[in-house]
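Please read the numbered points alongside the sequence and the coordinates.

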Amino acid sequence: MARTAVGSGENQSVTRAIELLNLLADSPEPLGVRDIARRIGIAASNVQRLINTLAKTGFLERVESNGRYKIGHRAFRVGSAFVEQNNLYSAAMPELYHLASLHITGFLGVLRENMVVYLATVQSEGPVAVTHRPGSQTYLHSTAMGKALLAEMDDSRIKSVLTARPLPRLTPKTQISVPQLLKEIETIRRTGVAISEEENRYGFFSAGTVVRDFSGAAIAVISGAVPAAVMKPDDRVKIADQVYQAARNVSLKLGAPARQREAPYKAGRKTR
């Protein structure tokens, strides 16, 4: 994990404490003091002082069996406050559960620092699980969520975002040509739905549509994913329409003005 630079006006101890919490939140297992120190690049003695404070306040917990540390109950409470105070989450969750009832795994995400950040996942009862932990990130160019968000930007910003660093080719179907992505985005703007077919992960088809607030601005995105192996020929259009309707319902709950689709998604229309 790269060490975060501390700028002027920031408190170094707070910055390092947040970095430590982020490290443990992303770790699949508890970590010891020396391992944490190595990963964030500061002395073990400094890490121990941070841990002592965070553990005392409930943000970290010590695993008695091995003396390592994991995220504590107080950190969960802070995260839960985001959910409780966020109208977007409460408006979106019923729609994600409805998608799951249709055998579509539903996702809610937002744009942060040119990445999609997952806020929620509702797993369908399908045979293959496709989950993402809240707070995890994914790419704009390879996901239906990301491409739906890109379509809200003007072309100059899209080019700036997509050329800031090399685009990773995650599967053989991942589109990394910026001109081709721009052509695809033209279609997304007409249909209101972005498609990713095995571009981010093998074996999955997904569709994504933005969520709008009362002003009409895109503030989030909803997507739905299904295993490609279980899809019938006409399922792509159905899934795209169901995801579009889910996002539209959330937008209306948030006071967004009703919008008419210029050209509903049709399978095979996507530009590659």
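1. In this predicted model, the axes of helix α7 (residues 155–162) and helix α8 (residues 178–191) come within 11 Å and cross at roughly 135 degrees. Axes are lines fitted to C-alpha atoms, for helices over the stretch in contact, with angles from 0 to 180 degrees between N-to-C directions. Helices (H or I, at least four residues) and strands (E, at least two) are DSSP runs, numbered from the N terminus.

2. The angle makes α7 oblique to α8, because under 35 degrees counts as roughly parallel, over 145 as roughly antiparallel, 65 to 115 as roughly perpendicular and the rest as oblique. The crossing is right-handed; in that case the near helix is turned clockwise from the far one by less than a right angle, and in a left-handed crossing anticlockwise.

3. Which residues of the two helices meet? From α7 come Asp 155, Ile 158, Lys 159 and Leu 162, and from α8 Val 178, Leu 181, Leu 182, Ile 185 and Arg 189, where contact means heavy atoms within 4.5 Å. Six of the residues in this contact are nonpolar, none is polar and three are charged. Ala, Val, Leu, Ile, Met, Phe, Trp, Tyr, Cys and Pro count as nonpolar, Asp, Glu, Lys and Arg as charged, and the others, Gly among them, as polar.

4. Helix α8 contains 14 residues. Its buried residues are Val 178, Leu 181, Leu 182, Glu 184, Ile 185, Thr 187, Ile 188 and Thr 191; buried means under 20% relative accessible area, exposed over 50%, and partly exposed in between (1.4 Å probe, protein chains only). Their cover includes α6 (144–150), α7, β6 (194–197) and α9 (235–253). After α8 comes Gly 192, with a positive phi near 80 degrees.

5. The loop between α7 and α8 holds Leu 170, which counts as partly exposed because its relative accessibility is 32%. Leaving aside residues up to four places away in sequence, Leu 170 touches Tyr 139, Ser 142, Glu 199 and Asn 200. Leu 170 and Arg 201 are 31 residues apart in sequence, yet 7.1 Å apart in space, C-alpha to C-alpha.

6. As for the whole chain, it has nine helices and eight strands, and 44% of its 272 residues count as buried.

7. On conventions, residues are numbered from 1 along each chain as its sequence is written, and side-chain values use heavy atoms, with hydrogens and water left out. Local features need pLDDT of at least 70 and side-chain atom pairs count only at pLDDT 80 or more, whereas totals for chains, interfaces and linings use all residues.

Methods. Expected span 1.5 Å × (residues − 1).
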